[in-house]
Amino acid sequence: MMTLKATSLDVARLAGVSQSAVSRVFSGASASKSTALKVRKAADELGYRPNSLARAMITGKSRIIGLVVAYLDNQFYPVALERLSNALKAEGYHILVFMAENAQDSISNVVEELIDYQVDGIIAASVAMSSDLTQRCAVAGIPVVMFNRGQDGSGHSSITSANIEGGRRVADFLVRAGHKRIAHITGWDGSSTGRDRRRGFCDGLAEHDCAPLAIIDGMFNRDVASEAARVLMARADAPDAIFVGNDHMAFAVMDMLRHELGLRVPQDLSVIGYDDVPLAEWAAYDLTTVRQPVRRMVEATVETLIGKIEDPERPTQKIEIDGPLIARGSARKPEGWTQ
């Protein structure tokens, strides 16, 4: 025989409280400790679980945040995803992750699905939003926050590290360390992060009356970055330092330089990345890099998105959070350098 599912009314009767008290306990609203204990004890005895979908239909709030991310190969994103999930959970939200290629058709399909799921908000991690998608989300009343990507004129809040300043910091570090032939393998030129890091790097070199030896778009791709390094090292005036647009590419560049070309890092040339993912401090790489302050970026993203959910009239924000250059063993240090 089919067993009837327990209802919130059944839990209320067994716990000796009102049905609204049961609702408050499971929605995360205010309830006394004694009431919460009685309600959860009764729910366990009856095998009761709240129906989140039914509650969403009644309240118009799903308590779900959609995350759109282009790829997880870059070690920065699994770390950020875990932190985002934990931070949202602490606020009573759950996260729904969708992968999308960095092409508008793919992103559009994913966002349409998220709208169908009636998510309360969307975090777009390193993907761009077209004006049509922006309008579609606005009509649906779903706020969007861009994480690790800016987009001028989008009308969305964005949270990034201070990429221009980070690029400038790399240039200053390398010039002060005595490097003369400094090349840059950039992140994807179609991304604000790649463009801003390149801009800061070039501006920083110019401040020392220097110019980059060469700039090649690494596309945030390991294979593309490795080939770019091969091209650079085949030059008669091969670089004595390479700034790589993120750690994910920098690891591939270091592997190619050491294991294919037999070069020593940093004795033959210095390599600097960007992100400071956990792998960067492993002895195998010991990578000098600019740290993206992921904890503060996540906190700002969650605070901004929830603020917009609770107050749709809240103004959009462009938040840039500075991160330090972490000097390790892959790059020659300037004289007198202190961390």
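Start by selecting Asp240 and Lys180: the backbone nitrogen of Lys180 lies 3.1 Å from a polar atom of the Asp240 side chain. Keep in mind as you click around that this is a predicted model.

**Stop one: around Asp240**

Stay with Asp240 and trace the chain on both sides. You're in the loop that runs between helix H10 (222-233) and strand S8 (241-244). Does Asp240 have a salt bridge, or none? None, even though Asp240 is buried: Arg181, the nearest side chain of opposite charge, sits 4.3 Å away, while a salt bridge needs the two charged groups within 4 Å.

**Stop two: Ile142**

Next, select Ile142, in the loop between helix H7 (131-140) and strand S4 (144-147). Ile142 counts as buried because its relative accessible area is 8%, and the cut-off for buried is under 20%. Leaving out neighbours within four places in sequence, Ile142 is in contact with Ile115, Val119, Asp120, Gly121, Ile122 and Cys137. Try the distance tool too: from the C-alpha of Ile142 to that of Ile123, 19 residues apart along the chain, is 10 Å.

**Stop three: the cavity**

Last, select Leu67, Val69, Leu72, Tyr77, Ala80, Leu81, Leu84, Ala125 and Phe147, which line the largest cavity. Strand S1 (64-69) and helix H5 (76-90) are the elements giving two or more residues to that lining. Which one gives the largest share? H5, with four residues. The space inside this cavity is about 60 Å³.

Methods: Residues numbered from 1 in each chain as written. Predicted model: local features only at pLDDT ≥ 70, side-chain atom pairs only at ≥ 80, totals over all residues. Heavy atoms only, no water. Buried < 20%, exposed > 50% of the residue type's maximum accessible area, 1.4 Å probe, protein only. Lys, Arg positive; Asp, Glu negative; His and termini not counted. Polar contact = N/O pair within 3.5 Å; in protein donor to acceptor, adjacent residues only side chain to side chain. Contact = heavy atoms within 4.5 Å. 1 Å grid on protein atoms, 1.4 Å probe; cavity = no way out; pocket = protein on both sides within 12 Å on 5 of 7 lines; lining within 4 Å. Points joined across faces, edges and corners; volume = space filled by probe spheres on them.
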